[in-house]
Amino acid sequence: MAIYDQSYTPWTGTYTSRAARIRAMVAMELAQPFKNVWVLVSVLMAFSLVIGWLLILFIAGSSQVPLPFAFGNRIYRDGFYNFPTGSSFTLFSMILMALSATVGASLISRDLRHRALLMYFSRSITRVDYLLGKFLSLVLFLLIVTLGPGLLLFIGQLGMSQERLTFGQRMGDLGAITLHSLILTVPASALVLAFSSMTNRTYLAAILWASFYFISASTSEALRFTLRSDWPKILSWTNVTAHLGDLCYAVRPPPDTIRIPGAKSILPVPPAILDCGWLPPFLLLTGLTALSLLVVWRRLRSVEGEE
Amino acid sequence: MIVEADHLNKWYGRVIALNDVSMRIEPGITGLLGPNGAGKTSFMRILIGLMRESSGEMRVLGESPWNNPKLSVRIGYCPEHDGFYEGMTGMQFVTALARIRGVKDPVAAAKRAVDWVRMAEASDRKILTYSRGMRQRIKIAQAVVHKPELLVLDEPLTGSDPIVRQELIGLIKAFAQEGGSVIVSSHVLHEIEQLTRRIVLIHRGRLVAEGDVGQIRDLIDRHPHTVEVKSDRPRDLAAALAREPEVVEIRFDPSAVWVRTPKPDAFYSKLPRIALDAGAEVKEISSPDDNLEAVFRYLTET
Amino acid sequence: MIQAALGFAGLTLRGLIGGRRATAAAVLVLAPPFFALIASMFGKHVDPVKLFHGFMFYFSLWFVIYLLSLIYGISMSIGEIEDGTAGYLYLSAVPKWLIVLIQMGVTTAALSAMLFVNLLLTGLAASYGRELVPNLLRDVVSCTLVGGVGIAVSLGYYVTCGLTFRTPTGALAAALFPTFFWEILVTSWPMKFAEYTLTNNLRGMLLPMVFNNSRGPLYRYVVNFHLPDYGEASMFLSILMGLFLITAMIAAMNRSIEGKEAR
């Protein structure tokens, strides 16, 4: 005897748009990192660099002491993003590596651990939505740490800069900061997601990313020293991102030397990090990003099948 | 006495998991009952020495369980959730754990334990390929491989199908018949009823009641049950029901009648005739009180 | 008790060779020889000794030991708790402090063996197409012994972090911060504190064995060239090793498995 449920009526509402679904995923993921004390400490460290510089600028401006770093756009590069340079590493890039490892390593590995992928994909969430949501949430979080302090520094410079710049030059600086931040965050996010998709253990994904970061620098240094050649520099993640970032600031190229009014010394311009232009490192980063996203995609398909 | 707890407290930050729990558990099978989050697992973890109490004292087989390996080998523990070493077969898993517990001939002991839980045929397969019931049995095998005096089982029947459930109940009873003691936790009364008549009830970290399961059942039956009857003519039905001596309280709304009665069985048997006489169609009958939660509510409110 | 201890040793060894961790460790071990081979095959005016020693100091003593110890140190402690297998280990015939000691001993030995393979392959790769690096075995064994000390120290610290902090994120942050910010940044800067890093003490211990106590351009990161000598370095490392062993054992004794981490 068949039994029919007369009370059931199918839902006739409309689904939200894809953008809304992705936005919901991003909002969900973006709220998580700030609950972690270590993440908050790291974010504060990133901002504290900038706040330190703003104080210095304020004091220098008030005392009318010409400050070498306040001229040109060196303050963004050497004062913040590439500060301080020690061997192949900069403090800021290591903070970024640690943050992306802490926040990004769990994005997919956590879902793998708790077998949540089926739950996601049983709804009207496609793999593309899932991937975009995770990717954008990590990129946005890292932009808060990179672009946020950079913008704060930019605004500080607007008020306390010791040189007169045109509107176009200011906008050029703003564009450079934004582009540099994207260079730092987008490929890193893709790589971290790739490592996160490879394992259901968050700490292992974080270690893999940290390993990649340090081994790239170490290999570059070791080969550079032993081969007595400069081409291995391109193997270092820090060098590639720093070089591309430096090229962004080339919209306002400094003279060979920077002469500061009233100062006796001049500030030499550091040499370019890599000898090649923008294309090889750009292609390298783009290739890594694409490969990483492909790895994530393949993992999502294979794991979904296993579940 | 197998277990003695004196003013046991455990808190995680601001959350109190166990609140001044004092109890004595005698040899045999004892059921630890409580809803989710009651504190059963916390109590068990302190009992086996995985976790330290925040204050108070716990003694198991006369000794403190914390950092006491000599006591640990006298206890067997089957955790609620699965945790296995990747890539191991069932036999390898049980043998490895037998070895670290100092069993003299771990391979033979593992074989005995695996046979006892009736997993001999599947023991050479990887645990990853096991069904839920098979995993439960392998977990019980590792818990008994070193012939413990006390077996502590954390919700062993949860998630199992009825056949596996009966098998597991049989194993637990067999262990007790061989002289061992068992403490088994669950949030389902009738599961525990099949195993033992001795029950300890925990709710929100507090010891609510302990004793014979019959006494708990009587408590359920003695306190008034609420019964909801959905009808097309609730006013007429309510008027008819109000005359019945089994009904101690009644209220109704446009779709249903709620009745409180201390004798639910008698009420159920009379309800069809009453509804017929009143000319009311009964659409649905339900009773939210016939469960452990209702008992806890009753016990914690009195 | 001895049987139980041997059982733990076996279980630890088994854990070392399974899963993604083993793959990551294999990549770490094989990466330096691979790059050394590339350099050897395609480099111009390559000095095999410089190439080998360069990789030994910039790779093996600087990253390989830390990353290997990190992978296994964290998985040995908090990984077991996350997987739900820690409960089985702690309910054994062996006291918790001895469990940690056994695990660390076995892991140190195994990781040292991996380091030996790493160094030997690097030396052979550096010698590709040329004469074998002189005193290769002496240098490899010396560096393995010294690296083994580094592994023991860093493993002790990472296990302590894993057993002290409640979450993997907290443990990893506590592990990564001193290793990479102190060890890597400080060894890169010309400051006196550089002599208090584990890396420079390992280098100070290795120096008399492989370079006949001469200081050449390989030590350019320590601009003030203040490396501790063998005696100072061995004392410093012994103190560190003892300290972290004790903290790991104490952390194990006091570790409660509670909350959602416990299964």
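**Close-up 1. B:Gly83 sits in a loop of chain B, between β5 (75–78) and α3 (90–100).** Like everything shown here, this view comes from a predicted model. B:Gly83 counts as partly exposed because 18 other C-beta atoms lie within 10 Å, while a residue needs 20 or more to be called buried. For a sense of scale, take B:Gly133, which is 50 residues away along the chain. The C-alpha atoms of B:Gly83 and B:Gly133 are separated by 14 Å.

**Close-up 2. Helix α3 of chain A, residues 74–81, is mostly covered.** Of the 8 residues in this helix, 6 are buried. They are A:Ile75, A:Tyr76, A:Arg77, A:Gly79, A:Phe80 and A:Tyr81. What do the buried residues of α3(A) pack against? Their partners in chain A are α2 (37–63), α4 (91–113), α6 (127–160), α7 (167–198) and α9 (237–248).

**Close-up 3. Here α4(A) passes α8(A) in a right-handed crossing.** Two packed helices are described by the angle between their axes and the distance between the axes. For α4(A) and α8(A), the axes come within 8 Å and cross at roughly 135°. That angle makes α4(A) oblique to α8(A), since only angles over 145 degrees would count as roughly antiparallel. On the α4(A) side, look for A:Met97, A:Ser100, A:Ala101, A:Thr102, A:Ala105, A:Ser106, A:Ser109 and A:Arg110. They meet A:Thr202, A:Ala205, A:Ala206, A:Trp209, A:Ala210 and A:Tyr213 of α8(A).

**Close-up 4. Chain A meets chain C, with 31 residues of chain A in contact with 36 residues of chain C.** On the chain A side, α4 and α8 (202–227) each supply at least two residues. Which helix gives the largest share of the side of chain A that touches chain C? That would be α8(A), with 18 residues. By class, the chain A side splits into 18 nonpolar, 10 polar and 3 charged residues.

**Close-up 5. Chain C also touches chain B, in a contact that takes 27 residues from chain C and 25 residues from chain B.** On the chain C side, α1 (2–17) and α4 (86–90) each bring at least two residues. The largest share of that side comes from α1(C), with 5 residues. Sorted by class, the side of chain C that touches chain B holds 13 nonpolar, 10 polar and 4 charged residues.

Conventions
Residues numbered from 1 in each chain as written. Chains lettered and ligands numbered in written order. Predicted model: local features only at pLDDT ≥ 70, side-chain atom pairs only at ≥ 80, totals over all residues. Buried ≥ 20, exposed ≤ 12 C-beta atoms within 10 Å, placed from the backbone. Helix = DSSP H or I, 4+ residues; strand = E, 2+ residues; numbered from the N terminus. Contact = placed C-beta atoms within 7 Å. Nonpolar A, V, L, I, M, F, W, Y, C, P; charged D, E, K, R; others polar. Axes fitted to C-alpha atoms, helices over the stretch in contact; angles between N-to-C directions. Parallel < 35°, antiparallel > 145°, perpendicular 65-115°, else oblique. Left-handed = near helix turned anticlockwise from the far one by under 90°.
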